[in-house]
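Please have a look at the model first.

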2 protein chains.
Amino acid sequence: MTTLSTAPLAEERHTPLDDCALNQLFFGARTFSYWQDRPVDDGKLRHLAELVSLGPTSMNCNPLRIYFLRTAEAREQLLPALKEGNVEKVSQAPVTAILAYDRRFYDHLPTLFPHNKDARSLFVGNEPLREETAFRNGSLQGGYFILAARALGLDCGPISGFDNDKVDQIFFGTENPHLRSNFICNLGYGDETKLHPRGPRLSFDESCRLL
Amino acid sequence: MTTLSTAPLAEERHTPLDDCALNQLFFGARTFSYWQDRPVDDGKLRHLAELVSLGPTSMNCNPLRIYFLRTAEAREQLLPALKEGNVEKVSQAPVTAILAYDRRFYDHLPTLFPHNKDARSLFVGNEPLREETAFRNGSLQGGYFILAARALGLDCGPISGFDNDKVDQIFFGTENPHLRSNFICNLGYGDETKLHPRGPRLSFDESCRLL
């Protein structure tokens with residue numbers, strides 16, 4: 001467990017990031033399916049995990065668990081669980097991360113959320129609440145993961161097309177039966193020559209209201 | 001619907017953002033419960049929604065819907081649905097966003113994901129799959145929302161402590177019964193004098209594995 005209470009607030013936090021940074025995170029970023037032959041070192045993955053852990057979660061519950069598959073052997077184990085169209089994407093990526101959520105996240109609440117002594121007991125025995133909380137917050141952290149990777153100069157290729165039960169069985173099995181796979185995400189330096197055009201998005205009026 | 005296919009890829013995307021930007025997004029950012037008396041203009045909210053829409057979702061499904069409550073009257077409607085400890089936080093925030101997901105997101109797939117003509121039919125009549133897809137991707141987009149807000153110089157105060165059914169009834173009712181509230185998020189310029197110390201986080205070895 002890490003104590004981060006002494007990190008100072010960003011002084012300039014009310015100034016928007018410059019266009020170059022916004023471009024790297026959003027407008028000029030894309031989902032990649034093909035990769036340059038360039039490795040990702042473990043230090044970068046550790047830095048990524050640290051940034052992700054800093055994002056907010058409900059009651060500081062931090063349910064995200066990440067398995068980084070860096071070797072061909074580790075990724076080989078994943079291939080039988082993938083939909084056919086995703087096999088090549090994974091087998092050729094430098095790193096594939098399995099993003100899972102821990103359905104027993106609440107066992108960490110006494111240390112992660114110490115000022116509320118009743119936090120853990122809210123979830124014990126309440127299967128729908130713990131599932132919903134783990135899935136919501138684990139997915140939120142998945143959003144942090146993708147943007148943190150881009151912030152660190154990596155390209156991402158998130159994938160939902162796989163058999164979650166199979167992944168859980170292969171990687172979590174009886175050792176960690178409380179883990180549930182959420183999505184996977186290839187990481188590396190993308191091959192931009194093989195990008196398709198970006199898909200359209202909903203307009204502001206289709207997706208938002210100002211009240 | 002917006003076509004973004006012509007946006008160029010960020011040229012410098014493999015260079016990490018500088019420490020100042022990483023600090024604004026992660027290390028030096030915090031969840032705020034109290035706010036400076038400084039408004040947030042609509043242009044900022046539109047910019048925020050645009051950045052959020054650019055993040056990746058499965059099959060480009062974009063299930064997130066956002067109701068921005070900017071007026072005291074709009075926020076007043078929300079108060080009866082909140083847990084007691086969250087009433088003051090919402091009533092004093094410049095803007096409160098309700099982040100919801102659209103359980104009929106698949107009706108947009110023919111335009112959002114046009115190269116797969118069968119995309120919509122995967123979800124029609126498959127209640128568990130559409131619920132899981134909407135919740136996962138709507139929450140992912142919630143992660144983009146929080147980091148995009150910080151990138152634009154806003155502070156966030158995300159909140160899960162409310163009655164989702166009540167919020168749905170009050171804001172979506174019979175007009176948009178396919179919308180489901182996910183979480184809410186106060187936006188503005190936070191009062192840093194009222195911050196508590198940041199909570200601890202899990203260590204790398206507690207939350208990740210290198211395989």
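This is a predicted model: local features need pLDDT of at least 70, side-chain atom pairs count only at pLDDT 80 or more; totals for chains, interfaces and linings use all residues.

Residues are numbered from 1 along each chain as its sequence is written, chains are lettered from A and ligands numbered from 1 in the order in which they are written, and side-chain values use heavy atoms, leaving out hydrogens and water.

**Ring pairs between chains**
- Over all chains, the structure holds 16 aromatic pairs (rings of Phe, Tyr and Trp, the last by its six-membered ring, with centres within 6.5 Å; stacked if the planes are under 30 degrees apart, edge-to-face if over 60, tilted for the rest).
- One of them is edge-to-face: A:F135 and B:F135, at 5.1 Å centre to centre with 85° between the planes.
- This pair crosses between chains, joining helix 7 (residues 127–151) of chain A to helix 7 (residues 127–151) of chain B (helices are DSSP runs of H or I, at least four residues, numbered from the N terminus).
- A:F135 and B:F135 are both buried (under 20% relative accessible area, 1.4 Å probe, protein chains only).
- A:F135 and B:F135 also belong to one aromatic cluster with A:Y101 and B:Y101.

**A pair in chain B**
- B:F32 is buried at 2% relative accessibility, and B:W35 is buried at 11%.

**Charges over rings**
- A:R38 lies over the face of A:Y189, 3.7 Å from the ring centre (CZ of Arg or NZ of Lys within 6 Å of the ring centre and within 35 degrees of the ring normal).
- B:R46 has its charged end over the ring of A:F204, 4.4 Å from the centre.

Conventions:
Helices (H or I, at least four residues) and strands (E, at least two) are DSSP runs, numbered from the N terminus. Buried means under 20% relative accessible area, exposed over 50%, partly exposed in between (1.4 Å probe, protein chains only).
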